[in-house]
Amino acid sequence: MRATVMYGAGDVRVENVPDPKIQNPTDAVVRVTASCICGSDLWPYTQMPATPQGRRMGHEFLGVVEDVGSEVSGLQRGDLVVAPFLWADNSCDFCGEGLHTSCRHGGQWGLNGVDGGQGEAVRVPQAEGTLVRLPVGADSALLPSLLTLSDVYCTGHHGVVTSRVGPGKSVTVIGDGAVGLCAVLAAKRLGAEQIILMGRHKDRTDLGREFGATDVVPERGEEGIERVRELTGGDGTQAVVEAVGAEQSMHTALGIVRDGGVISRLGVPQYTEVPLGMDTIMKNLTVTGGAAPARAYIEELLPDVLEGKVEPGRVFDRTVGFDDVPDGYGAMADRTALKVLIQP
């Protein structure tokens with residue numbers, strides 16, 4: 001089969017790799033019908049040291065079950081399923097707490113002999129706990145939105161939930177990438193009254209307005225902080241979702257959060273320290289967030305997607321086949337594409 005392999009910064013190739021097979025009784029094999037490129041894939045795309053063996057890519061996919069191990073129940077050949085961006089047993093104590101990112105028997109796609117999601121098929125460990133069956137056909141027009149349940153929509157939702165957004169609350173989302181836009185959509189779904197989107201790409205912020213943003217702030221740094229405070233009567237917002245991962249973004253988050261408010265760190269951090277000094281101690285802030293336990297959210301978010309109440313799949317603005325996956329990476333890195341859908 002064909003699969004995406006990254007050999008270093010800017011070096012993405014589509015190569016022939018061994019077909020996946022059942023290795024353990026808890027495995028399943030899924031034929032991928034849709035996958036995508038994640039914003040977090042751009043960090044290795046711009047920074048990964050060259051390596052001779054390469055790294056299998058992709059952690060967001062849905063597809064059709066082709067085979068199941070002897071200990072897998074609840075799934076059968078022909079089922080359309082979505083896989084969260086980490087595989088997990090959904091039965092350990094951490095999973096029971098909704099923290100599938102810390103599953104005692106889970107792991108990441110593309111590592112330790114596990115296939116990546118950007119391939120024609122995937123061996124899925126802990127298949128019964130990982131995969132969620134979708135009650136639609138493999139040709140459904142809902143597939144792009146259903147695919148977002150693998151990562152990006154659940155991640156945006158996680159940022160909103162951990163920053164305690166609810167009816168009547170105010171929230172600022174920093175970053176107009178796909179995760180930030182999905183955080184706007186999630187905040188609207190949970191009843192936020194004021195949703196400020198910080199971003200400067202008009203095509204993206206226009207979509208953010210359609211998703212529910214009440215205000216858009218294109219300014220950055222101190223200008224951006226001042227503008228958000230102007231929009232909030234000088235106080236800042238009760239919640240901030242930091243969906244970029246840059247040090248400047250965290251400085252901005254600290255500058256715009258209301259006293260007693262919550263900052264959720266959602267972007268993959270490219271910094272090692274958070275500047276929580278004496279200038280913040282009197283504000284009684286909470287800094288939280290992290291990798292989203294997508295598996296914990298899929299059943300909650302699925303009905304609204306199936307009913308068309310939300311359309312997170314609108315974040316996909318380009319579709320490529322396998323031959324054009326390297327160009328898809330380039331388009332996202334150049335910001336000529338928001339999020340790239342891959343269809344074999």
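Predicted model: local features only at pLDDT ≥ 70, side-chain atom pairs only at ≥ 80, totals over all residues.
Six strands, to be read in the order E13-E12-E11-E14-E15-E16, make up an open sheet whose pairing is parallel. Its edges are formed by strand E13 (215-217) and strand E16 (286-289), each of which pairs on one side only. If direction is ignored, neighbouring strands of this sheet are turned by 20° against each other on average. Looking at one pair within it, we find that E14 and E15 run parallel and are joined by 5 bridges, and that Val-240 has Ile-263 in E15 as its bridge partner. Helix H5 (residues 152-162) packs on this sheet, where it touches E14, E15 and E16, and its direction makes about 150° with that of E15. H9 packs on the sheet as well, touching E11, E12, E14 and E15, with its direction at about 150° to that of E15.

The next sheet I would like to show is an open one of 3 strands in the order E2-E1-E4, with antiparallel pairing. Why is one side of E2 and of E4 left without a neighbour in the sheet? Both stand at the edges, each with a single partner strand, so one side of each has no neighbour there. Helix H12 (residues 325-333) packs on this sheet, touching E1 and E2, and its direction makes about 160° with that of E2.

Strand E1, covering residues 2-8, is mostly covered, with 6 of its 7 residues buried. Its antiparallel pairing with strand E2 (residues 11-16) extends over 6 bridges, and within that pairing Ala-3 stands opposite Glu-15 in E2. The hairpin of E1 and E2 has 2 residues between the strands, and in it Gly-10 takes a positive phi near 75°. With strand E4 (residues 55-56), E1 pairs in the antiparallel sense over 2 bridges, and here Met-6 stands opposite Arg-55 in E4.

Now to strand E6. In a regular strand the side chains alternate between the two faces of the sheet. In E6 (residues 80-83), Leu-80 and Val-82 point one way while Val-81 and Ala-83 point the other way, and all are buried. Strand E5 (residues 61-68) and E6 pair in the antiparallel sense over 4 bridges, with Phe-61 standing opposite Ala-83 in E6. E6 is also joined by 2 bridges to strand E10 (residues 132-133), and these two run antiparallel; the bridge partner of Val-81 in E10 is Arg-133.

Is Pro-125 buried or exposed? Because its relative accessibility is 7%, which lies under the 20% cut-off, Pro-125 counts as buried. If we leave aside its neighbours within four places in sequence, Pro-125 is in contact with Thr-26, Asp-27, Trp-87, Trp-109, Val-114 and Thr-130. For a sense of distance, Pro-125 and Leu-276 are 151 residues apart in sequence and 40 Å apart in space, taken from C-alpha to C-alpha.

I will finish with the empty space inside the model. Rolling a probe the size of a water molecule over the atoms shows where empty space is left. How many cavities of 30 Å³ or more does the structure hold? There is 1, and about 50 Å³ of space lies in the largest cavity. Its lining consists of Pro-84, Phe-85, Leu-86, Ala-88, His-100, Thr-101, Ala-292, Pro-293, Ala-294 and Arg-295. Sorted by class, the lining of the largest cavity has 7 nonpolar, 2 polar and 1 charged residues.

How values were computed. Residues numbered from 1 in each chain as written. Heavy atoms only, no water. 1 Å grid on protein atoms, 1.4 Å probe; cavity = no way out; pocket = protein on both sides within 12 Å on 5 of 7 lines; lining within 4 Å. Points joined across faces, edges and corners; volume = space filled by probe spheres on them. Nonpolar A, V, L, I, M, F, W, Y, C, P; charged D, E, K, R; others polar. Buried < 20%, exposed > 50% of the residue type's maximum accessible area, 1.4 Å probe, protein only. Pairing = 2+ DSSP bridges. Contact = heavy atoms within 4.5 Å. Axes fitted to C-alpha atoms, helices over the stretch in contact; angles between N-to-C directions.
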